[in-house]
Amino acid sequence: MKAYKNHTSVAALMNRSNVDTDQIIPKQFLKKVERTGFGIHLFHDWRFLDDGSENPEFELNKPAFKGAKILVAGDNFGCGSSREHAPWAIEDFGFNTVISTSYADIFYSNCFKNGILPIRVSKDELAALMAEIEANEGVEFTVDLPAQTVTTPGGIVINIEVDPFRKQSLIEGADDISWTLKHEGKITEFEAKNKQQFPWLWTEAN
Amino acid sequence: MKKTMYEKIWDSHLVHEPENGTPILYIDRHLMHEVTSPQAFEGLKIQQRPVRNKHSILATMDHCVPTVDRHLPIKDPIAAKQIQTMADNCEEHDLLIYDMDNANNGVIHIVVPEHGFIHPGMTAVCGDSHTATHGAFGALAFGIGTSEVEHVMATQTLQQKKSKTMLVSVEGKLSQFSTAKDIALAVIGKIGTAGGTGHVIEFAGSAIRDLTMEGRMTLCNMAIEGGARAGLIAPDQTTFDYIEGKEFAPKGDHWAAALAYWKSLPTDDGAKFDTIVELVAEDIAPQVTWGTSPEQVSPVTANVPSPTDFDDVIKSSACKGALSYMGITAGAPITDIKIDLVFVGSCTNGRIEDFRAIAEMTKGKKVSAAVQAIAVPGSYLVKEQAEKEGLDKILMDAGWEWREPGCSMCLAMNGDQLKEGQRSASTSNRNFEGRQGKGGRTHLVSPAMAAAAAIEGHFVDIRNWA
């Protein structure tokens with residue numbers, strides 16, 4: 001996983017609530033067996049017209065938002081399916097930060113596995129960030145993960161709440177499996193006890 | 001200390017709680033399908049990591065499989081490759097798979113309980129949000145992403161944070177025309193699609209205890225649509241009777257030991273939940289979603305709401321957007337909404353009693369000439385049982401299509417889909433924009449409501465319908 005670096009980047013505004021993973025990456029693009037190349041399909045049904053051209057009405061197609069790394073969106077972002085294709089598409093498109101008031105649990109957890117920082121803010125903070133983007137499309141926000149802050153040219157300072165372990169993993173670009181396997185002895189110990197206590201879980205079907 | 005069922009299962013699966021890190025939770029069962037696993041197997045290969053416990057895994061093919069002309073090769077080459085990749089991965093790692101041609105094939109969340117692979121007190125995961133289904137057995141079951149699928153294969157554990165707990169209590173007796181699906185939709189209507197975020201929901205109360213295992217699975221299946229990671233129902237005699245004798249059920253002495261353990265799982269009297277929600281079963285009318293989120297739901301007797309009915313600005317604007325996408329008018333009776341297609345199936349409502357319900361509603365009637373009605377059994381075992389009972393004949397005589405099993409039009413990955421502007425009454429779980437096909441309009445309902453809509457060509461209140 002790519003390490004998360006501090007950055008100052010364009011913040012794109014998507015003022016919609018309950019953006020579900022079917023919108024983030026529609027199902028027709030879930031058939032690939034690779035982990036890469038999903039960015040071109042991000043928000044496909046909203047982003048493109050039937051003839052394949054960009055839909056000028058769709059907010060992320062605004063020229064001011066080109067190259068944005070920060071996505072600011074409404075409540076309950078990423079609800080629905082567990083598909084990790086959603087964060088893969090978001091990351092591949094170029095975003096590494098999402099800001100919303102809330103996220104669906106699976107999506108939230110999937111972000112951290114893919115170098116994306118999902119930031120939870122209050123309703124008032126979200127409204128202020130959205131207002132600043134609306135007043136000045138193309139505005140750049142600064143994210144400092146070690147210091148846990150988002151700052152804006154308009155003077156907004158937001159403290160990011162993030163689990164210290166997940167924060168460290170993002171900063172290091174660490175591999176979760178390697179970390180868990182450091183505790184393999186504990187897993188083996190657990191399994192030995194489990195076999196005694198619940199032997200029926202360990203027999204094959206008869 | 002008094003514990004909830006969730007806390008008991010959590011405690012019994014906690015491998016390690018490091019001081020600086022996330023708790024490590026042991027995973028007993030790992031369910032798989034073709035869409036969310038290939039990249040996980042690739043990850044294992046790159047790191048040269050083995051599968052830690054292959055007996056914990058049961059795989060199927062369901063999302064991309066055709067429900068017609070099953071004997072022919074899959075037309076979509078990318079889908080065909082994904083199916084082949086699943087088969088290859090299972091062969092390479094010697095994993096149990098009910099592939100497309102297997103007599104046990106079907107939708108993962110239908111197939112797994114059919115074989116007794118899930119027991120009370122287990123932890124179970126799948127790269128699929130509807131893994132919540134298996135909470136019906138009193139198992140902690142939840143959806144995970146593909147990175148976590150790889151993590152579970154490599155370590156048999158997950159890094160997990162403990163969830164909050166929500167008790168959803170439904171006391172009373174459901175009317176004969178309301179079902180587990182209507183309870184699920186009514187709960188989501190009440191708490192919203194983010195209401196359960198960060199929580200595991202335990203469903204309790206007399207109306208829940210009265211549900212069959214099929215009904216309990218329908219209800220827990222939709223816990224995720226209320227934002228909860230998992231749903232749980234205390235195991236009882238209904239649960240034990242369902243599991244006993246199945247292929248992967250404990251046998252002989254193990255059965256008695258397992259039973260004693262399972263009976264210790266229900267939440268202790270006086271245990272504390274973080275949130276409590278109460279519903280009265282008698283108040284739950286047949287439900288119909290009118291919008292593009294499962295929380296946009298009303299009783300069938302209601303009129304389509306107006307954006308001005310919502311005080312919350314976000315809900316109001318979401319209503320406006322939904323009415324425009326759905327092509328319906330505020331104030332119109334829901335029973336006036338005309339339907340083009342009816343889909344009965346999915347991991348939510350693809351079980352035997354769902355097909356009994358639609359056959360019962362359909363008997364002696366005909367599907368409206370304006371409606372295409374599709375019945376997709378959740379598995380070959382469901383299909384076989386339905387055919388043994390003659391349900392397929394009743395349905396086909398009335399004009400239903402009787403298909404091969406699969407996820408089909410629930411998410412429309414396999415080619416079964418709505419056309420732009422088409423409107424469905426669907427027994428599936430999500431009415432998101434484009435879920436059943438780009439521009440398609442989905443109304444979520446129970447199987448009985450779907451069948452009545454198929455016959456009349458519009459929604460009807462089945463409580464006053466003959």
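Modeller: The part to examine is Lys27(A), which sits in the loop between H1 and H2 of chain A; helices (H or I, at least four residues) and strands (E, at least two) are DSSP runs, numbered from the N terminus. This is a predicted model, in which local features need pLDDT of at least 70 and side-chain atom pairs count only at pLDDT 80 or more, while totals for chains, interfaces and linings use all residues. Residues are numbered from 1 along each chain as its sequence is written, chains are lettered from A and ligands numbered from 1 in the order in which they are written, and side-chain values use heavy atoms, with hydrogens and water left out.

Lys27(A) is buried yet has no salt bridge, and the nearest side chain of opposite charge, that of Asp22(A), is 5.0 Å away. Here buried means under 20% relative accessible area, exposed over 50%, and partly exposed in between (1.4 Å probe, protein chains only). A salt bridge is a side-chain nitrogen of Lys or Arg within 4 Å of a carboxyl oxygen of Asp or Glu. For charge, Lys and Arg count as positive and Asp and Glu as negative, whereas His and the chain ends are not counted.

A polar atom of the Lys27(A) side chain does, however, lie 2.7 Å from the backbone oxygen of Arg435(B). Apart from neighbours within four places in sequence, Lys27(A) is in contact (heavy atoms within 4.5 Å) with Arg83(A) and with several residues of chain B, among them Leu411(B), Met413(B), Gly434(B) and Arg435(B).

Arg83(A) and Asp22(A) themselves form a salt bridge, with the closest N and O atoms 3.5 Å apart. This pair links distant parts of the chain: Arg83(A) is in the loop between strand S2 (70-73) and H3 of chain A, and Asp22(A) is in helix H1 of chain A, 61 residues apart. Both Arg83(A) and Asp22(A) are buried.

In chain B, the side chains of Asp416(B) and Arg403(B) meet in a salt bridge (3.5 Å, N to O). Salt bridges that share partners also join Asp22(A), Arg83(A) and Arg435(B) into one network. Asp416(B) and Arg403(B) are both buried.

Between chain A and chain B the count is nine salt bridges. One of the bridges in the model joins Asp163(A) to Lys161(B), with the closest N and O atoms 2.5 Å apart.

As for chain A itself, it has eight helices and seven strands, and buried residues make up 58% of its 206 residues.

Definitions and conventions: Polar contact = N/O pair within 3.5 Å; in protein donor to acceptor, adjacent residues only side chain to side chain.
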